[in-house]
Amino acid sequence: MKKIILAIAHIFLVAGADAQKLVSFVDPFLGTGGHGHVFPGATVPFGMVQLSPDNGDQGWDWCSGYHYSSHTIAGFSHTHLSGTGIGDWCDISVLPLTDTASIHSKKILVPFSHANEKASPGYYEVKLDNGVKASLTATDRIGYHRYQFPGQEGWLRFDMGFAINWDSATMGGLQLLDDCTLIGYRYSTGWAKNQKVYFAARFSRSISSHRILMASGQEGKFSTGNQVKSLLQFNTQGQPLECRVALSSVGTEAALAELQAVTAGFEETVKAAEGRWEKELEKIRINTDNKDFATRFYTALYRTCMAPNLYSDRDGRYHNSNGLIKKQPKGDKYTVFSLWDTFRALNPLFTITQTERLPDLVNSMLSFYQDNGLLPVWDLSSWETNTMTGYHALPVLADAILKGIGGFDVNLAYEAMYKSAHQQQRGTPAYIRYGYLPQDKHGWSVTITLEYAFDDWCIAQVAKKIGKQADYEYFMKRAGSYKNLFDPASGFMRGKDSLGKFIEPFDPLLSEHGFEGQYIEGTAWQHSFFVPHDVEGLAVLYGGKEKLVKKLDELFSSSSELHGENVSADVSGLIGQYAHGNEPSHHIIYLYTKLGHPEKAAEKIRIVVDSMYKSGPDGLSGNDDCGQMSAWLVWTSLGMYPLNPASGEYVFGYPLVNSADIFLPNGKTLTIRVKKAKDRRKTGIQSVRFNGRELPSLSIRHADIMQGGNLEFLISTN
């Protein structure tokens with residue numbers, strides 16, 4: 001007879017007045033090394049401002065402006081992307097100086113040591129080797145600076161020409177309004193074209209001297225140029241210099257209005273930012289006896305609140321990619337929709353943790369549709385970058401509609417979904433014509449076919465819900481398009497030409513990053529399992545569930561070798577050919593549970609979490625991609641995952657906490673409890689009870705979770 005053992009631990013994350021603040025478990029430096037591409041600086045949840053250091057280095061691992069391997073700082077800029085695979089932003093750079101020896105240099109690099117650097121949610125601090133101590137914090141639209149200079153005077157250089165990687169400044173403007181106020185703008189092109197950022201800066205001390213550098217002309221009262229810089233001198237008398245920098249996409253007047261509306265001091269702002277982060281983290285309170293795991297979990301939860309980012313001003317106005325100033329009809333306008341990444345786990349998580357914000361996010365996508373004619377694929381500063389494959393705004397909208405998230409026009413959403421599914425670009429016409437995308441018509445044909453098929457399933461469910469039966473049947477037929485690329489001889493999804501013939505030769509280890517490849521950022525191994533909407537249908541192609549399970553086993557046991565002349569660096573975190581460092585693999589482990597083998601899912605989950613999520617700068621196995629990598633860990637730690645992210649079903653895996661309380665937006669609480677039983681033969685879920693009733697399947701519905709109550713796992717451990 002097995003002995004049931006309740007998990008008794010040194011539980012330190014308890015509720016009550018004596019509870020340790022959850023922000024203390026967040027490490028903003030986790031993932032700033034390796035290929036994590038995250039930044040350590042100061043921001044608030046989903047804020048417009050991300051005030052963070054830039055190293056000045058160029059290269060893929062500096063997509064966020066910062067990488068832990070560097071030991072110089074070129075400035076503190078106000079906008080940063082979190083975990084992306086392409087670099088942009090880093091707008092409105094400010095650098096504190098103790099002399100003017102190198103002021104005319106295009107880029108000044110000030111050395112620093114990580115030993116003199118620290119960060120926490122909403123706060124960043126570093127002492128540079130020039131003796132300046134920099135402290136940073138933020139509100140939604142304002143970056144707060146505090147500089148302690150080593151002497152009686154100091155200088156700040158505002159650089160409108162500062163740029164990294166793909167981004168370059170096209171024009172900048174600077175104007176001193178009075179002895180305490182500087183205004184300006186930076187226009188740039190890069191990943192986002194026609195980007196415009198305006199600012200207004202106000203100082204706690206009067207400017208004693210002011211010089212414009214590298215200007216090429218005048219525009220009204222503005223000194224202008226694509227490398228224009230302003231050098232401001234202050235007599236600090238040994239006291240800290242404070243500066244508030246407000247941002248706007250509309251104009252300097254709006255930035256000045258933001259400065260007028262928000263007048264809190266530096267210390268008050270630090271506390272307010274920390275309080276906002278604590279409120280976010282308190283939505284999920286876990287119990288664990290592993291402090292390192294708590295750091296990984298709460299840092300992951302922190303990263304899920306980095307994007308999308310606020311884009312509109314206080315009055316709802318924003319500047320769109322066509323150069324027009326628009327006004328969001330209701331709520332706030334957001335940008336940075338990394339949808340190829342986030343539709344999988346982050347956006348479903350938002351239906352639990354960001355229910356109040358979610359209508360604004362959906363309405364932001366709908367206003368993007370009204371501005372641009374299609375739903376966003378990868379929206380950056382309201383510009384369609386058209387990065388990656390699929391039309392993955394559809395699963396996000398479908399998930400919100402099917403879960404009953406209100407606050408937006410469902411008919412407009414369906415109109416936008418339908419139009420995006422019939423767009424005249426990105427291989428869509430050929431996909432519709434042939435029932436798959438031929439490789440001789442468009443690159444990345446296998447990935448696109450599989451992802452379009454899933455997106456079509458999503459719109460089909462919405463069509464059914466709103467009574468469009470003919471559309472439902474039409475899109476369900478398209479949702480089966482994945483079957484047209486299955487090769488029973490090899491057991492892979494393979495590219496075909498427009499005559500219906502498989503492309504030869506075929507190498508399942510081939511990963512070509514360019515457009516000539518059949519799979520984007522991966523091999524046949526990683527992409528062939530992307531049929532989250534029809535796992536049973538996929539199993540039929542393999543000849544039954546057990547044969548599909550065998551293929552999954554081979555995925556993890558295969559060689560991690562990759563072939564090709566242009567292999568994507570995104571294919572990382574390899575266990576066999578399973579690549580956890582990139583999104584196409586993220587649902588795969590949960591296929592085991594869906595196919596009746598939760599013990600295999602448990603085994604792989606423990607391996608992935610132990611090897612791919614660590615503490616420290618190198619803690620992430622791949623780009624965090626605006627929170628998707630982190631969202632996977634949050635879901636998985638709680639014992640479940642949205643295998644089909646628009647189905648409202650969460651498939652069980654293997655809970656990594658002793659217990660957890662999820663405080664739901666409707667005021668109810670879902671309490672997760674984990675009981676453990678020793679079993680040397682296998683590890684995994686033995687049973688799950690919800691509110692005293694054993695669940696008949698190894699999954700739970702979103703609607704049940706939102707009722708609150710008790711979810712009890714009985715798991716076996718070895």
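Guide: Two strands are said to pair if DSSP finds at least two bridges between them. Strands themselves are DSSP runs (E) of at least two residues, numbered from the N terminus. The model is a predicted one, in which local features need pLDDT of at least 70 and side-chain atom pairs count only at pLDDT 80 or more, while totals for chains, interfaces and linings use all residues. Residues are numbered from 1 along each chain as its sequence is written, and side-chain values use heavy atoms, leaving out hydrogens and water.

We may begin with strand E34, which covers residues 659-663. Strand E20, made of residues 284-287, runs antiparallel to E34 and is joined to it by four bridges. Within this pair, Arg285 faces Asp661 of E34. E34 also has strand E35 (residues 669-678) as a partner, with five bridges between the two in the antiparallel sense. Here Ile662 is placed opposite Leu670, a residue of E35. What is found in the hairpin of E34 and E35? Five residues lie between the two strands of that hairpin, and Gly667 takes a positive phi near 90°.

By way of background, strands of a sheet pair through backbone hydrogen bonds, and they may do so in a parallel or an antiparallel manner.

The next stop is strand E9, residues 133-138. Five of the six residues in E9 are buried, so the strand is mostly covered (buried means under 20% relative accessible area, exposed over 50% and partly exposed in between, with a 1.4 Å probe and protein chains only). On one hand, E9 is joined to strand E8 (residues 123-128) by five bridges, and the two run antiparallel. Glu125 stands across from Ser135 of E9. E8 and E9 form a hairpin with four residues between the strands, where Gly131 has a positive phi near 95°. On the other hand, E9 is linked by six bridges to strand E10, residues 142-148, and these two strands likewise run antiparallel. Ala138 is found opposite Gly143 of E10.

The last stop is an open sheet of three strands, in the order E32-E33-E38, where the pairing is antiparallel. E32 (640-641) and E38 (699-701) are the edge strands of this sheet, each with a single partner strand, and therefore one side of each has no neighbour in the sheet. Strand E33 comprises residues 649-652. The pairing of E33 with E38 is antiparallel and extends over three bridges. Which residue of E38 is the bridge partner of Glu649? The partner is Arg701.
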